[in-house]
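Work through these exercises with the model open beside you. Try each task before you read its solution.

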Amino acid sequence: MKEIVIGSEIGRREGSSPATEKAASPSPPDTLVERMKDFGQQDAFAYWDELSPEERDLLVKDIQSLDLPRMDRIIRCSLGSQGLPLPAIEPVPESCVSTVEARTLEDRERWWKRGLKAISEGKLAVVLLSGGQGTRLGSSDPKGCFNIGLPSGKSLFQLQAERILCVQRLAAQFTDAALSPIHWYIMTSPFTDDATRKFFESHKYFGLEADQVTFFQQGTIPCISRDGRFIMETPYKVAKAPDGNGGLYSALKSSKLLEDMAMRGVRYVDCYGVDNVRVADPTFLGYFIDKGVSAAAKVVRKAYPQEKVGVFVQRGRGGPLTVVEYSEMDPSVSSEINQITGRLRYCWSNVCLHMFTLDFLNQVANGLEKDSIYHLAEKKIPSVTDYTMGLKLEQFIFDAFAYSPSTALFEVLREEEFAPVKNANGASYDTPDSARLMLLRLHSRWVVAAGGFLTHSVPLYLTGVEISPLCSYGGENLEAICRGRTFHAPSEITF
């Protein structure tokens, strides 16, 4: 990294004098200054002479908290990777995808039973990516605290917790064995950790055992200028940002949670985003085990060529499956049609529902750390001078797939499993209203399929019924509750 030499004028604000600066000693610790010079980051001391003793102490502690060799390696590798050619993309081979239409009833039943068996044996853990706030939804709370307006008023966290409770019960009933708790690992960020823990405590973990839930924080990484220097948020604090949802891998490793999973007998790990509520899906788990692969992902068919979703591709003929963001694909490539299937050639959208073996997660954690290549995003960064344009460094959850020797994709229907909550109501897509309506319509179909009837005071396409996850995971076992009964929409159906 280019070294920036700091002269005697560095740090002098307008109106200060050499006499004032001279009286402002002592200097920062020599060893720390030399260490920062080694990595070209001595500008962090630019305002030293103007800081109070307390602020100087804060600055020293802030810098000492950084793993400088690691930060330097990440910055150099990430900046150096820009512009390097990547292998050409190819469509995902048909053999790598289980499509809905090709799936038989026998397949689904076999995978469901195999998944339940593995769950009953304690082989599944679930990991929730919950580092984000509901900022775009008009809330500063963790996104999982958000209530999308269901009749029950349940938060996203509660819906997921109750689905875990349901799957545990189903697995115990299927194997006629004692209930085996599914351990839930929840990755927070410095901005959501305290609020998330308090939310769970105040709701008594939604019926789960407290020791069944483990919280851990993703890391942060300094924001940098285009030439790799740290941006200062204040004269005594380096600007930092969360390291992306792909920070999961280094966080699991540094928190020794991969070892924790191994001690619990876990072999498979379900990783998912906070607005996905179909967690610990036995059918998906059974499919994953059946295929014998290192990684798998649920996918939905891309709705139209320019839909703003990342898609799975193959990197080079015979290469690994990876995800390419919509902004990185040429529109003409996004629009190409497979003349045999009639689908878009690049149609398998990533919806952040992933399954990994624990062995593979260990490999990924080591591989990503060794390569140290992060995605760069140009953003407005809070700085000493209000805001400045700079770079945030992030890894993404799907970066893992490039390391997988074998990956399988599992198609699901978007009207059953893909209702992201990304924008406030009033936006044209991905809102709480659109997610709520999709879930109510799905559950209404379950009621009718189970022999129930619906009444409604508003058009049914605007409403529906909600079935508690404690009653049914995916529409099963509802006949005893619904057959011959009439339910008024909107309402929640419970035991």
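**Exercise 1.** The charged end of Arg 103 sits over which ring, and how far from its centre?

*Solution.* Keep in mind that this is a predicted model. Find Arg 103 and look at its charged end. It sits over the ring of Phe 410, 3.8 Å from the ring centre. Now find a second case. The charged end of Arg 163 sits over the ring of Tyr 473, 5.1 Å from the centre.

**Exercise 2.** Decide how strand E11 (residues 295–301) is placed, and which strands pair with it.

*Solution.* Start with burial. Six of the seven residues of E11 are buried, so the strand is largely enclosed by the rest of the structure. Next, take strand E14 (residues 348–357). E11 and E14 pair in the antiparallel sense over six bridges. Arg 301 stands opposite Trp 348 there. Then take E17 (residues 407–411). E11 and E17 pair in the parallel sense over five bridges. Here Lys 298 stands opposite Phe 410.

**Exercise 3.** Classify two aromatic pairs as stacked, tilted or edge-to-face.

*Solution.* A pair of rings is described by the distance of the centres and the angle of the planes. Planes over 60 degrees apart count as edge-to-face, and those under 30 as stacked. Tyr 249 and Phe 356 have centres 6.4 Å apart and planes at 70°, an edge-to-face pair. Tyr 249 lies in helix H8 and Phe 356 in E14, so the pair ties together parts 107 residues apart in sequence. Both Tyr 249 and Phe 356 are buried. The rings of Phe 396 and Phe 398 have centres 5.4 Å apart and planes at 45°, so this pair is tilted. The whole structure holds 19 aromatic pairs.

**Exercise 4.** Describe the largest nonpolar core.

*Solution.* This core has 46 residues. Leu 124, Val 126 and Trp 184 are among those that touch the most other members. Helix H6 (residues 156–175) gives the largest share, seven residues. A second, separate core has 42 residues, including Ala 125 and Val 127.

Technical notes. Residues are numbered from 1 along each chain as its sequence is written. This is a predicted model: local features need pLDDT of at least 70, side-chain atom pairs count only at pLDDT 80 or more; totals for chains, interfaces and linings use all residues. Side-chain values use heavy atoms; hydrogens and water are left out. A nonpolar core is a set of buried Ala, Val, Leu, Ile, Met, Phe, Trp, Tyr and Cys residues joined through side-chain atoms within 4.5 Å. Buried means under 20% relative accessible area, exposed over 50%, partly exposed in between (1.4 Å probe, protein chains only). Helices (H or I, at least four residues) and strands (E, at least two) are DSSP runs, numbered from the N terminus. Two strands pair if DSSP finds at least two bridges between them. Rings of Phe, Tyr and Trp (its six-membered ring) pair if their centres lie within 6.5 Å; planes under 30 degrees apart count as stacked, over 60 as edge-to-face and the rest as tilted. A charge sits over a ring if NZ of Lys or CZ of Arg is within 6 Å of the ring centre and within 35 degrees of the ring normal.
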